[in-house]
Amino acid sequence: MHNLQDYFAHQPDSHRIAVLTISIFVFWNIENALALDMNYKKWRHALTNSYFMLVDAPVQFVLGVALAFATGWVAMHQFGLIYWLPLPNVFTQFVVSFVLLDLLEYVYHRFMHIFTPLWMVHLVHHSDRNLDSSTVLREHPLETGVRLTLLVLWVFVTGAGLWMVLARQFFQVISNVFTHSNFRLNDKLDRVLSLLIVTPNMHHVHHHYQQPYTDTNYGDVLSVWDRIFGTFSRLSADEVVFGVDTHMALEENADFKNLLAMPFGPHRESEDFSEEWVWQNA
Ligand SMILES: [Zn+2]
Ligand SMILES: [Zn+2]
(Lines give C-alpha, C1' and ligand atoms only; values in the text may rest on other atoms or scores of the structure.)
(Ligands and ions follow the chains in the order given, each with its own letter.)
Protein backbone atom coordinates (compact mmCIF):
# COMPACT_ATOMS: atom_id res chain seq x y z
CA MET A 1 0.00 0.00 0.00
CA HIS A 2 2.89 2.33 0.87
CA ASN A 3 4.43 1.83 -2.56
CA LEU A 4 1.12 2.63 -4.28
CA GLN A 5 0.62 5.69 -2.08
CA ASP A 6 4.11 6.91 -2.97
CA TYR A 7 3.62 6.22 -6.66
CA PHE A 8 0.33 8.12 -6.96
CA ALA A 9 1.54 10.99 -4.73
CA HIS A 10 4.39 11.57 -7.22
CA GLN A 11 2.80 10.23 -10.41
CA PRO A 12 4.39 12.07 -13.39
CA ASP A 13 2.03 13.80 -15.85
CA SER A 14 3.46 11.59 -18.59
CA HIS A 15 2.08 8.49 -16.80
CA ARG A 16 -1.39 10.03 -16.57
CA ILE A 17 -1.34 10.83 -20.29
CA ALA A 18 -0.08 7.27 -20.96
CA VAL A 19 -3.02 5.72 -19.03
CA LEU A 20 -5.45 7.75 -21.16
CA THR A 21 -3.64 7.00 -24.43
CA ILE A 22 -3.30 3.26 -23.75
CA SER A 23 -6.98 3.02 -22.67
CA ILE A 24 -8.12 4.72 -25.88
CA PHE A 25 -5.76 2.52 -27.95
CA VAL A 26 -7.08 -0.70 -26.35
CA PHE A 27 -10.80 0.20 -26.59
CA TRP A 28 -10.34 1.72 -30.09
CA ASN A 29 -9.12 -1.69 -31.29
CA ILE A 30 -11.89 -3.59 -29.50
CA GLU A 31 -14.33 -1.22 -31.22
CA ASN A 32 -12.81 -2.07 -34.58
CA ALA A 33 -13.79 -5.69 -33.94
CA LEU A 34 -17.12 -5.26 -32.14
CA ALA A 35 -18.42 -1.81 -33.14
CA LEU A 36 -22.14 -1.11 -33.21
CA ASP A 37 -21.59 1.40 -35.98
CA MET A 38 -18.56 1.94 -38.23
CA ASN A 39 -20.47 4.07 -40.70
CA TYR A 40 -18.53 7.28 -39.96
CA LYS A 41 -15.05 8.72 -40.45
CA LYS A 42 -13.53 7.43 -37.23
CA TRP A 43 -10.11 9.12 -37.47
CA ARG A 44 -11.55 12.52 -38.42
CA HIS A 45 -14.08 12.24 -35.61
CA ALA A 46 -11.28 11.36 -33.14
CA LEU A 47 -9.16 14.29 -34.36
CA THR A 48 -12.00 16.76 -33.71
CA ASN A 49 -12.51 15.35 -30.21
CA SER A 50 -8.77 15.32 -29.48
CA TYR A 51 -8.49 19.11 -30.05
CA PHE A 52 -10.24 19.47 -26.69
CA MET A 53 -7.09 18.14 -25.00
CA LEU A 54 -5.22 21.25 -26.15
CA VAL A 55 -7.79 23.78 -24.91
CA ASP A 56 -8.45 21.87 -21.66
CA ALA A 57 -4.74 21.61 -20.75
CA PRO A 58 -4.30 25.19 -19.35
CA VAL A 59 -7.47 24.79 -17.22
CA GLN A 60 -6.21 21.43 -15.96
CA PHE A 61 -2.82 22.97 -15.13
CA VAL A 62 -4.25 25.89 -13.08
CA LEU A 63 -6.77 23.74 -11.20
CA GLY A 64 -4.12 21.03 -10.78
CA VAL A 65 -2.08 23.57 -8.76
CA ALA A 66 -5.20 24.38 -6.70
CA LEU A 67 -5.82 20.65 -6.17
CA ALA A 68 -2.24 20.10 -4.96
CA PHE A 69 -2.68 22.98 -2.51
CA ALA A 70 -6.07 21.71 -1.24
CA THR A 71 -4.92 18.10 -0.78
CA GLY A 72 -1.73 19.31 0.95
CA TRP A 73 -3.71 21.55 3.30
CA VAL A 74 -6.24 18.87 4.37
CA ALA A 75 -3.41 16.36 4.96
CA MET A 76 -1.47 18.85 7.09
CA HIS A 77 -4.53 19.77 9.18
CA GLN A 78 -6.05 16.25 9.16
CA PHE A 79 -9.21 17.98 7.95
CA GLY A 80 -12.22 16.29 6.33
CA LEU A 81 -14.53 13.29 6.63
CA ILE A 82 -11.88 10.60 6.21
CA TYR A 83 -10.18 11.93 9.35
CA TRP A 84 -13.37 12.48 11.33
CA LEU A 85 -14.95 9.09 10.59
CA PRO A 86 -13.68 6.11 12.63
CA LEU A 87 -11.64 4.57 9.81
CA PRO A 88 -9.03 2.07 11.02
CA ASN A 89 -6.37 2.43 8.31
CA VAL A 90 -5.26 4.13 5.14
CA PHE A 91 -6.91 1.47 2.94
CA THR A 92 -10.40 2.16 4.37
CA GLN A 93 -9.69 5.89 4.06
CA PHE A 94 -8.97 5.32 0.37
CA VAL A 95 -12.15 3.26 -0.17
CA VAL A 96 -14.31 5.90 1.54
CA SER A 97 -12.64 8.74 -0.39
CA PHE A 98 -13.18 6.79 -3.65
CA VAL A 99 -16.91 6.42 -2.93
CA LEU A 100 -17.28 10.07 -1.86
CA LEU A 101 -15.42 11.35 -4.94
CA ASP A 102 -17.67 9.20 -7.11
CA LEU A 103 -20.74 10.66 -5.39
CA LEU A 104 -19.44 14.15 -6.25
CA GLU A 105 -19.19 13.15 -9.93
CA TYR A 106 -22.81 11.97 -9.86
CA VAL A 107 -24.06 15.20 -8.22
CA TYR A 108 -21.95 17.44 -10.47
CA HIS A 109 -23.25 15.57 -13.55
CA ARG A 110 -26.87 16.10 -12.47
CA PHE A 111 -26.18 19.82 -11.95
CA MET A 112 -24.81 20.00 -15.51
CA HIS A 113 -28.17 18.70 -16.76
CA ILE A 114 -30.46 20.72 -14.46
CA PHE A 115 -29.20 24.30 -14.84
CA THR A 116 -29.50 25.74 -18.35
CA PRO A 117 -26.13 27.62 -18.50
CA LEU A 118 -24.35 24.46 -17.27
CA TRP A 119 -26.30 22.31 -19.72
CA MET A 120 -25.21 24.55 -22.61
CA VAL A 121 -21.60 23.73 -21.65
CA HIS A 122 -22.18 20.01 -21.06
CA LEU A 123 -24.18 19.82 -24.32
CA VAL A 124 -20.86 19.86 -26.20
CA HIS A 125 -20.06 16.39 -24.83
CA HIS A 126 -23.58 15.12 -25.55
CA SER A 127 -23.70 16.52 -29.08
CA ASP A 128 -21.40 13.75 -30.35
CA ARG A 129 -23.41 11.82 -32.97
CA ASN A 130 -20.88 8.97 -33.04
CA LEU A 131 -20.14 7.94 -29.50
CA ASP A 132 -16.84 6.09 -29.24
CA SER A 133 -13.67 5.93 -27.14
CA SER A 134 -12.57 9.40 -28.32
CA THR A 135 -15.78 11.02 -26.97
CA VAL A 136 -14.16 10.87 -23.54
CA LEU A 137 -11.88 13.73 -24.68
CA ARG A 138 -14.79 15.89 -25.78
CA GLU A 139 -15.21 18.20 -22.80
CA HIS A 140 -15.53 21.98 -23.20
CA PRO A 141 -12.84 23.85 -21.18
CA LEU A 142 -15.61 25.61 -19.21
CA GLU A 143 -16.87 22.19 -18.10
CA THR A 144 -13.33 21.15 -17.15
CA GLY A 145 -13.20 24.34 -15.05
CA VAL A 146 -16.51 23.63 -13.29
CA ARG A 147 -15.68 19.96 -12.69
CA LEU A 148 -12.21 20.57 -11.27
CA THR A 149 -13.31 23.55 -9.14
CA LEU A 150 -15.96 21.36 -7.51
CA LEU A 151 -13.33 18.65 -7.01
CA VAL A 152 -11.02 21.12 -5.20
CA LEU A 153 -13.91 22.23 -2.94
CA TRP A 154 -14.92 18.59 -2.33
CA VAL A 155 -11.37 17.82 -1.13
CA PHE A 156 -12.01 20.19 1.79
CA VAL A 157 -15.14 18.20 2.72
CA THR A 158 -13.75 14.69 2.22
CA GLY A 159 -10.11 15.22 3.26
CA ALA A 160 -8.96 13.15 0.25
CA GLY A 161 -5.19 13.22 -0.24
CA LEU A 162 -3.52 13.86 -3.61
CA TRP A 163 -2.58 10.19 -4.02
CA MET A 164 -6.22 9.17 -3.35
CA VAL A 165 -7.53 11.59 -5.99
CA LEU A 166 -4.93 10.44 -8.52
CA ALA A 167 -5.40 6.73 -7.75
CA ARG A 168 -9.12 7.17 -8.29
CA GLN A 169 -8.42 9.07 -11.50
CA PHE A 170 -6.48 6.02 -12.76
CA PHE A 171 -9.62 3.85 -12.51
CA GLN A 172 -11.85 6.70 -13.65
CA VAL A 173 -9.97 7.22 -16.93
CA ILE A 174 -10.11 3.52 -17.84
CA SER A 175 -13.78 3.34 -16.83
CA ASN A 176 -14.74 6.48 -18.81
CA VAL A 177 -13.05 5.28 -22.00
CA PHE A 178 -14.72 1.86 -21.56
CA THR A 179 -18.23 3.30 -21.01
CA HIS A 180 -17.99 5.57 -24.09
CA SER A 181 -16.76 2.76 -26.34
CA ASN A 182 -18.79 1.93 -29.40
CA PHE A 183 -19.71 -1.61 -28.39
CA ARG A 184 -22.13 -3.24 -26.01
CA LEU A 185 -21.66 -5.97 -23.45
CA ASN A 186 -23.66 -9.15 -23.59
CA ASP A 187 -26.93 -8.54 -21.75
CA LYS A 188 -26.31 -11.07 -18.97
CA LEU A 189 -22.81 -9.76 -18.27
CA ASP A 190 -24.16 -6.21 -18.31
CA ARG A 191 -26.86 -7.00 -15.77
CA VAL A 192 -24.23 -8.34 -13.36
CA LEU A 193 -21.57 -5.67 -13.90
CA SER A 194 -24.03 -2.77 -13.85
CA LEU A 195 -25.02 -3.72 -10.31
CA LEU A 196 -21.73 -2.13 -9.24
CA ILE A 197 -20.10 -0.21 -12.09
CA VAL A 198 -21.22 1.89 -15.04
CA THR A 199 -21.11 -0.11 -18.30
CA PRO A 200 -21.15 1.00 -21.96
CA ASN A 201 -24.77 -0.24 -22.14
CA MET A 202 -25.67 2.14 -19.30
CA HIS A 203 -23.76 5.19 -20.54
CA HIS A 204 -25.02 4.76 -24.11
CA VAL A 205 -28.57 5.31 -22.79
CA HIS A 206 -27.38 8.58 -21.20
CA HIS A 207 -26.21 9.63 -24.68
CA HIS A 208 -29.58 8.82 -26.31
CA TYR A 209 -30.78 11.89 -28.23
CA GLN A 210 -34.16 12.27 -26.53
CA GLN A 211 -35.58 12.66 -23.06
CA PRO A 212 -36.28 11.12 -20.63
CA TYR A 213 -33.20 8.95 -21.32
CA THR A 214 -30.66 11.82 -21.46
CA ASP A 215 -31.54 12.59 -17.85
CA THR A 216 -30.76 9.07 -16.58
CA ASN A 217 -27.61 7.02 -15.86
CA TYR A 218 -25.47 9.90 -14.58
CA GLY A 219 -23.01 7.61 -12.78
CA ASP A 220 -19.27 8.00 -13.32
CA VAL A 221 -17.51 4.80 -12.14
CA LEU A 222 -20.06 3.31 -9.70
CA SER A 223 -23.62 2.64 -10.84
CA VAL A 224 -25.02 2.56 -7.30
CA TRP A 225 -25.95 6.28 -7.23
CA ASP A 226 -28.36 5.91 -10.16
CA ARG A 227 -29.97 2.97 -8.39
CA ILE A 228 -30.20 4.79 -5.04
CA PHE A 229 -31.52 8.07 -6.50
CA GLY A 230 -33.88 6.43 -9.04
CA THR A 231 -32.16 7.59 -12.24
CA PHE A 232 -31.20 4.16 -13.60
CA SER A 233 -32.61 3.19 -17.00
CA ARG A 234 -32.18 0.65 -19.79
CA LEU A 235 -32.69 0.94 -23.54
CA SER A 236 -31.78 -1.69 -26.14
CA ALA A 237 -28.91 -1.06 -28.56
CA ASP A 238 -31.18 -0.80 -31.63
CA GLU A 239 -33.25 1.94 -29.97
CA VAL A 240 -30.34 4.18 -28.94
CA VAL A 241 -29.52 7.14 -31.20
CA PHE A 242 -26.55 9.23 -30.07
CA GLY A 243 -26.73 13.02 -29.86
CA VAL A 244 -29.11 15.67 -28.53
CA ASP A 245 -32.37 16.31 -30.35
CA THR A 246 -31.82 20.10 -30.32
CA HIS A 247 -28.33 19.85 -31.89
CA MET A 248 -28.36 17.04 -34.46
CA ALA A 249 -26.97 18.94 -37.49
CA LEU A 250 -23.47 17.70 -38.29
CA GLU A 251 -22.28 21.12 -39.57
CA GLU A 252 -22.70 22.23 -35.98
CA ASN A 253 -21.52 19.31 -33.91
CA ALA A 254 -18.66 17.91 -36.00
CA ASP A 255 -16.75 21.20 -36.33
CA PHE A 256 -14.37 22.11 -33.48
CA LYS A 257 -14.82 25.91 -33.72
CA ASN A 258 -18.59 25.52 -33.64
CA LEU A 259 -18.31 23.20 -30.65
CA LEU A 260 -16.24 25.73 -28.71
CA ALA A 261 -18.90 28.37 -29.42
CA MET A 262 -21.84 26.05 -28.68
CA PRO A 263 -22.34 27.07 -24.99
CA PHE A 264 -22.79 30.71 -26.11
CA GLY A 265 -25.34 29.88 -28.80
CA PRO A 266 -29.09 30.13 -28.31
CA HIS A 267 -30.75 27.62 -26.00
CA ARG A 268 -33.17 25.50 -28.00
CA GLU A 269 -36.16 23.46 -27.00
CA SER A 270 -36.77 19.92 -28.23
CA GLU A 271 -39.77 21.16 -30.23
CA ASP A 272 -37.34 22.90 -32.64
CA PHE A 273 -36.04 19.49 -33.67
CA SER A 274 -36.60 17.85 -37.05
CA GLU A 275 -36.71 14.01 -37.31
CA GLU A 276 -34.73 14.03 -40.55
CA TRP A 277 -31.47 14.90 -38.69
CA VAL A 278 -31.48 11.47 -37.06
CA TRP A 279 -30.90 9.81 -40.42
CA GLN A 280 -28.13 12.13 -41.49
CA ASN A 281 -24.81 10.24 -41.53
CA ALA A 282 -21.36 11.50 -40.59
ZN1 LIG B 1 -24.53 14.11 -19.27
ZN1 LIG C 1 -20.55 10.65 -21.77
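This is a predicted model: local features need pLDDT of at least 70, side-chain atom pairs count only at pLDDT 80 or more; totals for chains, interfaces and linings use all residues.
Reader: Which protein donors does the zinc ion (ligand 1) have?
Author: The zinc ion (ligand 1) and the zinc ion (ligand 2) are 5.8 Å apart. Along the chain, the donors of ligand 1 follow the spacing H-x3-H-x8-H-x3-H-x79-H. The distances from donor to zinc run from 2.1 to 2.2 Å, and the donors are His109 (NE2), His113 (NE2), His122 (NE2), His126 (NE2) and His206 (NE2).

Reader: Are His113 and His122 buried or exposed?
Author: Both residues donate to the zinc ion (ligand 1) through NE2. A residue counts as buried under 20% relative accessible area. By that criterion His113 and His122 are buried.

Reader: Why is helix H6 described as largely enclosed by the rest of the structure?
Author: The buried residues of H6 are Trp119, Met120, Val121, His122, Leu123, Val124, His125 and His126. They pack against H3, H5, H7, H8, H10 and H13. Helix H6 spans residues 116–126 and is largely enclosed because, of its 11 residues, the number buried is 8.

Reader: How do the residues of the contact of H5 with H7 divide into nonpolar, polar and charged?
Author: On the H5 side the contact involves Leu100, Leu101, Leu104, Glu105, Tyr108 and Met112, and on the H7 side Glu143, Val146, Arg147, Leu150, Leu151, Trp154 and Thr158. The division is 9 nonpolar, 1 polar and 3 charged.

Reader: What is the handedness of the crossing of H5 and H8?
Author: The axes of H5 and H8 come within 10 Å and cross at roughly 60°. That makes H5 oblique to H8. The crossing is right-handed.

Reader: How do the residues of the contact of H5 with H8 divide into nonpolar, polar and charged?
Author: From H5 the contact draws on Val90, Gln93, Phe94, Ser97, Phe98, Leu101, Asp102 and Glu105. From H8 it draws on Trp163, Met164, Val165, Ala167, Arg168, Phe171 and Gln172. These residues divide into 9 nonpolar, 3 polar and 3 charged.

Reader: With which residues is Gln93 in contact, leaving aside its neighbours within four places in sequence?
Author: Gln93 is placed in helix H5. Its relative accessible area is 15%, so Gln93 is buried. With neighbours within four places in sequence left aside, its contacts are Ile82, Tyr83, Leu87 and Met164.

Reader: Is Ser175 buried or exposed?
Author: Ser175 belongs to helix H8. Neighbours within four places in sequence aside, Ser175 is in contact with Asp220 and Val221. Its relative accessible area is 10%, and the cut-off is 20%, so Ser175 is buried.

Reader: Which residues are in contact with Val244, leaving aside its neighbours within four places in sequence?
Author: Val244 lies in the loop between H11 and H12. Val244 counts as buried because its relative accessibility is 5%. Once neighbours within four places in sequence are left aside, Val244 is in contact with Trp119, Leu123, His126, Ser127 and Tyr209.

Reader: Where does a cis peptide bond occur?
Author: Pro212 lies in the loop between H10 and H11. Omega is about 5° for the cis peptide bond, which joins Gln211 and Pro212.

Reader: Is Asn217 buried or exposed?
Author: Asn217 is also found in the loop between H10 and H11. Its phi is positive, about 50°, although Asn217 is not a glycine. With a relative accessible area of 0%, Asn217 is buried.

Reader: What is the relative accessible area of Gln78?
Author: Gln78 lies in the loop between H3 and H4. Its phi is near 50°, a positive value in a residue other than glycine. Gln78 is partly exposed, the relative accessible area being 47%.

Notes. Residues are numbered from 1 along each chain as its sequence is written. Chains are lettered from A and ligands numbered from 1 in the order in which they are written. Side-chain values use heavy atoms; hydrogens and water are left out. Contact means heavy atoms within 4.5 Å. Helices (H or I, at least four residues) and strands (E, at least two) are DSSP runs, numbered from the N terminus. Ala, Val, Leu, Ile, Met, Phe, Trp, Tyr, Cys and Pro count as nonpolar, Asp, Glu, Lys and Arg as charged, and the others, Gly among them, as polar. Donors are N, O and S atoms within 2.8 Å of the metal (3.2 Å for Na, K and Ca); water is not among the atoms, so sites may look incomplete. Buried means under 20% relative accessible area, exposed over 50%, partly exposed in between (1.4 Å probe, protein chains only). Axes are lines fitted to C-alpha atoms, for helices over the stretch in contact, and angles run from 0 to 180 degrees between N-to-C directions. Angles under 35 degrees count as roughly parallel, over 145 as roughly antiparallel, 65 to 115 as roughly perpendicular and the rest as oblique. A crossing is left-handed if the near helix is turned anticlockwise from the far one by less than a right angle, and right-handed if clockwise.
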